Each structure stands twice: as structure tokens, then as C-alpha cells.
Amino acid sequence: MAGIDLHFHSRTSDGALTPTEVIDRAALRQPALLALTDHDCTGGLAEAAAAAARHGIGFLNGVEISVSWGRHTVHIVGLGVDPENAALAAGLQSIRHGRLERARQMADSLAAAGIAGCFEGAMRWCDNPEMISRTHFARHLVDCGAVKDVRTVFRKYLTPGKPGYVAHEWASLEDAVSWIVGAGGMAAIAHPGRYDMGRTLIERLILDFKAAGGQGIEVASGSHSLDDMHKFALHADRHELFASSGSDFHAPGEGGRDVGHTEDLPPICRPIWRELDARVLRPAATRQG
């Protein structure tokens with residue numbers, strides 16, 4: 001599998017690099033296909049597509065949508081979407097609404113735990129206040145020396161039951177998938193190995209996702225071990241889902257895989273990108289016909 005990374009982030013949401021910078025970094029690995037999938041927004045896609053074209057790399061417009069499913073937050077990646085689609089744009093705007101108020105509540109909670117000034121600190125890492133997230137708080141807490149690294153911040157402060165965590169109601173699974181499919185794309189469950197779910201609950205999530213019109217699942221992910229990858233390859237095969245691959249890169253030095261670095265899919269998988277060939281934005285020199 002020649003360098004296919006269909007899940008990574010830019011500073012437009014919670015990445016640390018601009019869309020151009022993250023594509024430039026990925027290009028060092030000479031990938032065949034990339035997709036920028038910022039959280040709940042598509043504002044970086046045009047810049048990223050232009051950067052990919054300059055490098056002669058195929059590009060898919062993407063997005064990662066936050067979903068509330070029962071008591072769990074899960075993420076659904078949309079690939080090959082039309083970012084100008086009205087329903088998708090309105091849906092993403094509805095998710096972004098309320099992020100700023102949640103951030104203020106997170107800062108209040110951290111202040112009560114003895115760490116003041118976190119709202120202002122997090123905002124220094126965030127280009128768009130509508131997109132302020134836990135990751136921006138984590139970077140501030142590392143930068144100010146309160147915690148040694150981003151992973152530790154999440155473990156100590158930003159997960160359920162910890163000071164600094166504030167729950168939020170995201171999109172429904174049905175809405176997220178319908179926005180993606182309605183915008184001409186394909187929906188895939190992002191990094192399923194990250195969710196705190198046993199086999200029965202994962203099966204139920206997959207069945208609900210398929211019933212909503214979802215067609216894919218990330219098998220190769222920067223969040224997955226080799227055991228995870230093979231487990232979800234079997235899920236993909238059993239449930240007749242297409243397999244996707246993505247680094248889930250956010251920033252240099254924050255763990256996981258670097259952008260453009262993905263593992264080969266197991267042979268039983270049906271790659272999702274083959275179904276999206278008509279949606280790939282190709283550099284002029286490589287366009288067919």
C-alpha cells in the first residue's frame with residue numbers, strides 16, 4: 001500500500017500545523033493519497049488541496065464528525081465530501097455551536113482544581129475560537145509546565161470523571177452519516193480501537209452505523225496496535241465494510257504515527273479509497289482523459 005493517509009488534522013481544528021504545513025510534512029513520505037479530516041469543520045480543505053497539488057499528490061476532501069452515541073462519544077470520518085454541500089455545512093456549524101461555552105466551563109473546573117488561566121492559555125493555541133477543544137487545553141498545560149506531556153494531561157484532567165472534563169452533546173450517528181453521504185462522501189468509523197467498549201458494544205455500534213448508511217471502518221490507525229488492526233479487519237470483513245487507513249496525526253511529538261505513515265491493510269480488507277476514486281482531486285499532470 002503506497003502511502004495512503006486518510007485521517008489527519010491541521011490547525012484549522014486541533015492540529016498544530018497549518019493545512020499547507022501538514023501536507024508539506026506528509027509529502028516527505030511521498031504518499032499516493034491524502035485526506036485532511038479536521039474535526040467538525042472543512043475550512044482548511046482548499047488550502048490543503050492546493051498544497052497536495054503542488055506536490056503531485058492525490059487528495060480527498062474529508063472531515064471528522066463528533067458523535068454522541070448512547071453514553072459514548074465516537075468519531076465518524078467522512079471521505080470524498082463536497083465541502084460546499086449546504087446540509088453538511090449547516091450540520092457542522094450546529095456541532096461547533098457551544099464549544100466556546102464548554103471551554104469556559106473546562107477552565108472553571110481546572111481553576112477549581114488549582115490551575116488558573118487555562119481559558120486564555122488554551123486560546124493562544126487555537127486559531128478559531130469555534131474550534132477550541134481539549135487538545136488546546138492540553139497543549140497549554142504542557143507549555144506552562146503543569147503537566148509533562150499531552151497524554152498525561154488527558155489521563156489526569158480531560159477525561160470523564162477528571163477535573164477539566166465537561167460533557168458535550170454532539171451530532172447523532174444518523175445525522176453525521178446522512179450529512180456525509182448527502183455530500184457525496186463515504187462514512188467510516190474512526191479509530192474504533194480507542195473506544196472504551198467491549199465486543200458486544202462495538203458490534204452494536206457497527207450495526208447502528210450500517211443501518212444509518214455507513215460503509216467503512218478504520219482498520220489501520222495511528223491509535224491501533226497490530227492486534228487492533230487485525231481485529232477490526234475481521235469486523236470489516238464480517239460486516240461487509242470497506243477498510244480505511246489513517247495516521248490521526250495532530251502534531252509533532254504528541255504520540256501516535258507521523259502524518260503519511262500508515263500500515264498496510266490485511267489482505268482480507270477492501271480498501272475504501274478504491275470506491276472513492278472518482279472523488280480524488282488529482283494534480284493536472286496525472287488526470288486521466
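User: Why is Cys-144 called partly exposed?

Analyst: Its relative accessibility is 43%. Buried means under 20% relative accessible area, exposed over 50%, and partly exposed in between (1.4 Å probe, protein chains only). So Cys-144 counts as partly exposed. A note on the source: this is a predicted model, where local features need pLDDT of at least 70, side-chain atom pairs count only at pLDDT 80 or more, and totals for chains, interfaces and linings use all residues. Residues are numbered from 1 along each chain as its sequence is written, and side-chain values use heavy atoms, with hydrogens and water left out.

User: What makes Cys-41 count as buried?

Analyst: Its relative accessibility is 7%, so Cys-41 counts as buried.

User: Where is His-39, and is it buried or exposed?

Analyst: His-39 sits in the loop between strand 2 (33-36) and helix 2 (45-55). Helices (H or I, at least four residues) and strands (E, at least two) are DSSP runs, numbered from the N terminus. With a relative accessible area of 9%, His-39 is buried.
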